[in-house]
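Here is a brief report on one chain.

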Amino acid sequence: RNGLVYFLLQNDLMVQRESNTEEDGNDIDLAEVYPFEDKEEGENAEYTKAEPAAVHRESRLFAAYEAQIRRLKEKIGAYTGDLFLFQQPCAMAHNFMESLLDWNLVSQNIIFMSNGYMTEVGKKFTESEIKEMADGLEDFQQFLSARGIPLLYANAGSKVCPYDTRLFQGAPEYSNENADGLLTELRKRGMDVLDFREEMQKEGLPWYEYYYRTDHHWTTGAGLWAAGVLAKKLNAEYGFSFDPSFFSPDAYEVDRYENYWLGYYGRKVTTARTALENYDLLLPRYATDYTLYVPENNLRLRGTYSEVLFNRERFDQIASYNAFDHLNKTDAYGCLRGGSVMSIHNHRPTHNEGKKILLIRESFSAYLLTFLASDIEDIDAVSTFSGSIRTYIEKTEPDMVIVLYYINSILPGDWSTLGHKFDFR
């Protein structure tokens, strides 16, 4: 590791990865803090395929072995991929040739729609896979109900508009069909769901303006809208009292950065096939005072929205990126702070004092999370992590649990080890 090596690699990806770790102390073993119980609860416990304690004992030993293999694979993958000598010019040349051939289905199942937006194609859920997911969520609901905690499942939707698929041609696309199948099964079992696709249709919103062209996520403005929709439902049906004014665009300073960033899909196809896109940064006009705690690296920060929840310094660095930099460095959407487990404490909530929500999620709801935190005292967020979500709930005692997933982030797979998005052990 020296200057010559970094120069030959044409990027500072390894340096960037090392500098992205924000630490304020020692790492914490989340599996030790939130251990698995010896006994499974609920009538549908068989969906887990194994007792959690047994799985945990085996997985701890297996995880150490797997971590070594993963590090080796990442190192090999890095030097044959992102860190391959002249990788970026080669990738751009490859994508330029594909554009000349008018080849639409590109790397990693990414496809262009006729309006220039990119999305991904995935496999269709089988009926048994859908029922297994529903079993997992239903069993989780029984666990929560025994403790007086309500559960809401929210579907973030898909990049492809379910009400007008004419823009999508050239490959099978199952995201909306998968979402319909899962929501139908959950509703059949009497579970409460919120489908943001239906909410967008009700309001007659311009579908694709709420998504990035080169990325799969909602725009920042869409994240604010979605937080408002969720808050309205929580007020009407779950006894919360969010102030609608916190979810109005008028409550935020909107700074538009022209041609500022490249999303996940854009980085895969490179600037040979797409261009940078705009980014709207929304910062609260109202006074904010938050404490963010990320236990996995013991990060604890207190300050305003832009000081604590949003990494403004990292966001400003993007302005100095060149065409190659955009392919391997932190993107604008990734400038929110957080981790697989994070807690946001609002020191000045207008309403919902003493209330706590637990959001089980992935990256799609990143901005929704920060906007929802504006008017509640505590909100925790958990994605896949090594501990027990049930132990976490017993220790933190939330008033409400919300599971919010982007449908393409759900990958049906092996239930015998930890990590499936519907494995709520």
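Predicted model: local features only at pLDDT ≥ 70, side-chain atom pairs only at ≥ 80, totals over all residues.

## Asn259

Asn259 counts as exposed because its relative accessibility is 52%, and the cut-off for exposed is over 50%. The residue sits in strand E5, which spans residues 252-261.

The backbone of Asn259 deserves a look. Its phi is near 50°, a positive value in a residue other than glycine. Most residues other than glycine have a negative phi.

## Glu397

Where does Glu397 lie? Glu397 is in the loop between helix H14 (389-396) and strand E12 (400-405). Its phi is positive too, at about 50°, although Glu397 is not a glycine.

Is Glu397 buried or exposed? Glu397 is exposed, because its relative accessible area is 61% and exposed means over 50%.

So both positive-phi residues described here, Asn259 and Glu397, count as exposed. Asn259 belongs to a strand, whereas Glu397 belongs to a loop.

## The chain as a whole

The chain has 425 residues, and 52% of them count as buried. Its secondary structure consists of 14 helices and twelve strands.

How much of the accessible surface belongs to carbon and sulfur atoms? The surface comes to about 19400 Å², and carbon and sulfur atoms hold 51% of it. Contacts reach along the sequence as well. Among those with a separation of 6 or more, 75% join residues 24 or more positions apart.

Technical notes:
Residues numbered from 1 in each chain as written. Heavy atoms only, no water. Helix = DSSP H or I, 4+ residues; strand = E, 2+ residues; numbered from the N terminus. Buried < 20%, exposed > 50% of the residue type's maximum accessible area, 1.4 Å probe, protein only. Contact = heavy atoms within 4.5 Å. Areas by Shrake-Rupley, 256 points an atom, 1.4 Å probe, with all protein chains shown as cover.
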